[in-house]
Amino acid sequence: MKREVIYADNNATTCVAPEVFEAMRPYLFEKYGNPSSIYTFGGELAADIERARIEVAELLGASWRNNLGQATEIIFTSCGTESDNAALRSALEVQSGRRKIVTSKVEHPAILNLCRELEREGYTVETIGVDGDGRLDMSALERAVDSETALVTLMWANNEIGNIYPVEEVARIAHRAGALFHTDAVQAAGKVPMNMSESEIDMLSISGHKLHAPKGVGVLYVRRGVRFRPFIIGGHQEKGRRGGTENVASIIGLGKACELARKGMAEEIAHVKKLRDRLETGIAERIPAIRINGDKSSRLPNTSSISFEYIEGEAILLLLDQHGICASSGSACTTGSLEPSHVLRAMGLPYTAAHGTLRFSFSRYNTVEEVDRIIEVLPSVISTLRKMSPYWKE
Ligand SMILES: Cc1ncc(COP(=O)(O)O)c(C=O)c1O
């Protein structure tokens, strides 16, 4: 029997939208040619890829087109992680006189672990801290960005606590010092309106599977005029900026997902915000000793990070799983380790709270009934675990 699942972990990944699947279907069965082929069966796919590229550009508000009407600021990649790697490596290569990267302590491992590797390779990395609500220390950032800095990279929105960061302001700080600016917008795309035509951002990463396209496709936006060196070197695909036969079906799917995200954004933001706020209010009314994390004035509308003091997040997840409820403790990438996530540690959360932190993240497909079910189940789960906790006192 198929178990009913309440999927409240949409920052980890999302389901493919039915419209996206339908758009992809012909490219798996009938239109399976290679876009680089001379004959029409393959070659005509190149035009379909260009249409998907335009859809991605429209979601990002990137209106520049080349003389063929193509949105060449968009480069298709295999995932957000590849886009991040390509951006950082390129910035260091095109600014070879500068050997420093400035970033934040709350980035995704796609950036933080890459930065550690770059340090091993001899580059300097400065990671800027955050306050107790996860807000970036802007004066420390201003001090860190200097004439040695090749690139400043700051996530647009945090995957764990949902904070939205002041990327435009930081881009201006980077540019004043002659550095490039990249943003990991994997969690922001589709959830925050974007207007790259009016922006100072040089490079931006997104990932298909966070916005109802399939896993295994991503984008790196590179502003026209910003020098770029390819990370994956091979064939002439993506105008020589990313070798490898195109993942045609997924690219088409991502184009469709971007179109849906753009057209439905206002409605979706209102919907997930309503669910998120209902969840937080319901939990705060029924469960004592909780803490809602993040910057309440600048947060993704779909994300809620809640600490339940004196118990383990993993234990809560296991009990919720018995009710078919999927959420996350820390980020998907840190699940499996018992250390609290680097984001919560950077915020200085006490261990008793950091350990018991859950993230709920909603999508357009979640319902009020699902949220009410979570609110119904959670109090007894928390009280069962607290009764077993040596630290909990009623
Ligand atoms: C902020 C952020 N950056 C990068 C990634 C990595 O994206 P991908 O899974 O497409 O490599 C994620 C995925 O969780 C993320 O949340």
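Two residues are said to be in contact if their C-beta atoms, placed from the backbone, lie within 7 Å. In this predicted model, residues 24 or more positions apart account for 73% of the contacts with a separation of 6 or more. The secondary structure of the protein consists of eleven helices and twelve strands. Its radius of gyration is 22 Å, close to the 21 Å that the globule rule gives for 394 residues, so the protein is as compact as a globular protein of that length. Along the principal axes, the C-alpha trace spans about 70 × 55 × 35 Å. Of the 394 residues, 48% count as buried.

The chain is assigned to two parts: domain 1 (6-14 + 264-388) and domain 2 (18-260). Their C-alpha centres are 28 Å apart. Across the boundary, 26 residues of domain 1 are in contact with 27 residues of domain 2. On the side of domain 1 that touches domain 2, the elements giving two or more residues are α7, β10 (303-308) and α9 (342-346). Sorted by class, this side of domain 1 has eight nonpolar, 15 polar and three charged residues.

We can turn next to the interior. In soluble globular proteins, nonpolar side chains tend to be buried together. Here, the largest nonpolar core has 87 residues, and the members that touch the most others are V56, L151, V152, V170, A174, Y221 and A257. Helix α7 (residues 248-286) gives the most to this core, with nine residues. Both domain 1 and domain 2 give residues to the core, so it lies between them.

What surrounds the ligand? The shell is made up of C79, G80, T81, H108, A110, M155, N159, D184, V186, Q187, S207 and G218. By class, these shell residues divide into four nonpolar, seven polar and one charged.

N85 is found in helix α3 (residues 80-94). With 20 other C-beta atoms within 10 Å, N85 is buried, because a residue counts as buried if 20 or more such atoms lie within that distance. Setting aside residues up to four places away in sequence, N85 touches L114 and F231. I101 is 16 residues from N85 along the chain, and the C-alpha atoms of the two are separated by 13 Å.

Most residues other than glycine have a negative phi. E238, although not a glycine, has a positive phi of about 50 degrees. E238 is found in the loop between β8 (218-222) and α7. Is E238 buried or exposed? It counts as buried, with 20 C-beta neighbours inside 10 Å. A289 is not a glycine either, and has a positive phi of about 55 degrees. A289 is found in the loop between α7 and β9 (290-293). With 16 other C-beta atoms within 10 Å, A289 is partly exposed.

Terms used: Residues numbered from 1 in each chain as written. Predicted model: local features only at pLDDT ≥ 70, side-chain atom pairs only at ≥ 80, totals over all residues. Core = buried A, V, L, I, M, F, W, Y, C linked by C-beta atoms within 7 Å. Buried ≥ 20, exposed ≤ 12 C-beta atoms within 10 Å, placed from the backbone. Helix = DSSP H or I, 4+ residues; strand = E, 2+ residues; numbered from the N terminus. Domains from an automatic or database assignment. Rg over C-alpha atoms; globule rule 2.2 N^0.38 Å. Near = placed C-beta within 6 Å. Nonpolar A, V, L, I, M, F, W, Y, C, P; charged D, E, K, R; others polar.
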